[in-house]
Amino acid sequence: MTPRRTRITASLIAAATALAALAGCGTGSKDRATEALGTHGAAKPVKPEPAVQGLPGMPPVLDPKDVYAADRPNQLSPVVKDFPSRVYVPNTESDTVSVIDPKTFKVIDTIPVGRQPQHVVPSWDMKTLWVNDDKGNTLTPIDPKTGKVGKRVDVHDPYNLYFTPDGKYAIVMASLDRELVFRDAHTMKRVKTEPVSCYGVNHADFSADGRYFIVSCEFSGELLKVDTAKMKVVDQQKLPFKGAMPQDVKISPDGRTFYIADMVADGMWVLNGDKFTTPTLLPTGKGAHGLYVSRDSREMYISNRGEGTISIFDFTRNRLTKKWRLPHGGSPDMGGVSADGKTLWLSGRYNSEVYAIDTRTGEQIARIPVGNGPHGLAVYPQPGRYSLGHTGIFR
C-alpha cells in the first residue's frame, strides 16, 4: 500500500471512529453524524444584523433592536459610578432644588437656584446637572459628585434642555421665544437659532440613528421633525385632536415608533417618526404627561397627572397592561427610574411632594414633602453611556 493510500485509509478509520462515538451520544446523534460526514449540505451564511448608520460622531448603537441596551440595572458608566445616588427636584414656585436621599426618603439639602426652575438635566458627558431656570434666564450647574453649585450661565428662556447624540451641542427649548437654540454643549455659547412657527416647544427624543428628533409643541398642539446635523425643522404637523397639548416624547426600544404624551387628549400619540404620518391616539388616563422606559426595555410608565395614576404599556404586546393608583390621589408629573430599576420617582406637581413607586408591585413606597411646584426631577446617576438631556434620556 502506498503511503498516500495509507494516509487516506487512516483518515477514513478516524472518521468512522468519530461517527461511532457520536452515535452513542443520545438525542440528535444522527444529525450530528450527518454533519460530521459533511453530507448535511452547506450552511446558509448568517446575515449580520445591519449596523445603525448613526449621526457622525455619535457613539455606536449597541443593539439595533434596543436603543436602551446601555440602560440595564446598575450598569453605571465609569464617569458616574462613584457619584452618590440622589433625587434632584426643581421646585418651580420656590426657586429651589430639593435633594432627596433615596435610601432614607428624606430631603437632605435645599439648593437656591434661579427663577422658576423647570427641569434638572444631566449633561451629555454626564458630569454636570443643569438646572433650567426658565424665568431667571440662566442655567445653574450642579456637580453631582460633590453636590456643589457652580456659577450660573446666562441662557434666555431655558424651559428644557437636550443634547445632540454626538455631544457637540445643547438644544435649548426656548418655549416662549419660539426657538430651538443650538449651543456649545460645554460653554453654552449660541451656535445657531432655529425659529419655529408653533407655540410651546417643550419635549423631544431622538431617532435610533440620531439623525433627527421629534419635538412637541404644547400650546399649539403640534409636532416638529428636526434634522440634527442641519439644525433645521424639516417637517411639521398639527395633531388631530381639538385642544391637543403634547408633552413628553419617547422612542420605542426598537427605534420604530415615537410616543408622545398628551395632557388634553388623555393618552399618548403613536407616531412613525421616519414617515411622520398622522399618529394614532392610545388613551391612558387623564392628563397624560411623563414617559419612562423600564430597565429591561419591556415596559413604559406613563404618568397621568390629572387622575393620580400611572399606566403601564408593554412594548412586546403593544398594549396597556396595568394601571397603578396613588393612594389618596396626587399629581404625578416628571421623573425617572432608579439605577436598579426598582423604583419610579415622580414629582407631584400640584401637591408639593414626590412619589416613590415600586416598579414590581405599583405600590407607593414613599410620599416626600418638597417645595412648591415640583416639576422635572432627575434621578441620578442612572445607567447609560451618555445623556440626551431632559430629566435623563440615556443611550
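Predicted model: local features only at pLDDT ≥ 70, side-chain atom pairs only at ≥ 80, totals over all residues.
## After strand E28

Pro-381 sits in the segment that follows strand E28 (378–380); strands here are DSSP runs of E with at least two residues, helices are runs of H or I with at least four, and both are numbered from the N terminus. The peptide bond between Tyr-380 and Pro-381 is cis, with omega at about 0°. Most peptide bonds are trans.

Residues are numbered from 1 along each chain as its sequence is written, and side-chain values use heavy atoms, with hydrogens and water left out.

## The chain as a whole

The chain comes out at 2 helices and 28 strands. Of its 395 residues, 54% count as buried (under 20% relative accessible area; exposed is over 50% and partly exposed in between, with a 1.4 Å probe and protein chains only). Take the contacts with a separation of 6 or more: 46% of them come from residues 24 or more positions apart, where contact means heavy atoms within 4.5 Å.

## Rings and charges

Searching the whole structure turns up 10 aromatic pairs. Rings of Phe, Tyr and Trp (its six-membered ring) pair if their centres lie within 6.5 Å, and planes under 30 degrees apart count as stacked, over 60 as edge-to-face and the rest as tilted. Phe-313 and Phe-315 have ring centres 5.6 Å apart and planes at 85°, so they make an edge-to-face pair. Both of these residues, Phe-313 and Phe-315, are buried. Elsewhere, ring pairs tie Phe-83, Tyr-380 and Phe-394 into a cluster.

Some rings have a charge over them, meaning that NZ of Lys or CZ of Arg is within 6 Å of the ring centre and within 35 degrees of the ring normal. Arg-178 puts its charged end over the ring of Tyr-199, 3.9 Å from the centre. Lys-225 does likewise over the face of Tyr-212, at 4.4 Å from the ring centre.

## Two cavities

There are 2 cavities of 30 Å³ or more. On a 1 Å grid over the protein atoms alone, a cavity is a set of points where a 1.4 Å probe fits but cannot get out, and lining residues have an atom within 4 Å of a point. Points are joined across faces, edges and corners, and the volume is the space filled by probe spheres set on them.

The largest cavity has a volume of about 190 Å³. It is lined by 16 residues, and Asp-71, Val-293, Arg-295, Gln-382 and Gly-392 are the closest to its centre. Strand E20 (288–293) and strand E24 (332–337) each give two or more residues to this lining. The second largest cavity holds about 110 Å³, and the nearest to its centre among 17 lining residues are Val-61, Val-67, Arg-385, Tyr-386 and Arg-395.

## Loops with a positive phi

Most residues other than glycine have a negative phi. Gln-116 has a positive one of about 55°, in the loop between strand E3 (106–112) and strand E4 (117–122). At 14% relative accessibility, Gln-116 is buried. His-328 also has a positive phi, about 70°, and belongs to the loop between strand E23 (319–325) and E24. With a relative accessible area of 83%, His-328 is exposed.

Gln-116 is also one of the contacts of Asn-132, as are His-119, Leu-139 and Tyr-159, leaving aside neighbours within four places in sequence. Asn-132 belongs to strand E5 (residues 129–133) and is buried at 0% relative accessibility.

Conventions: 1 Å grid on protein atoms, 1.4 Å probe; cavity = no way out; pocket = protein on both sides within 12 Å on 5 of 7 lines; lining within 4 Å.
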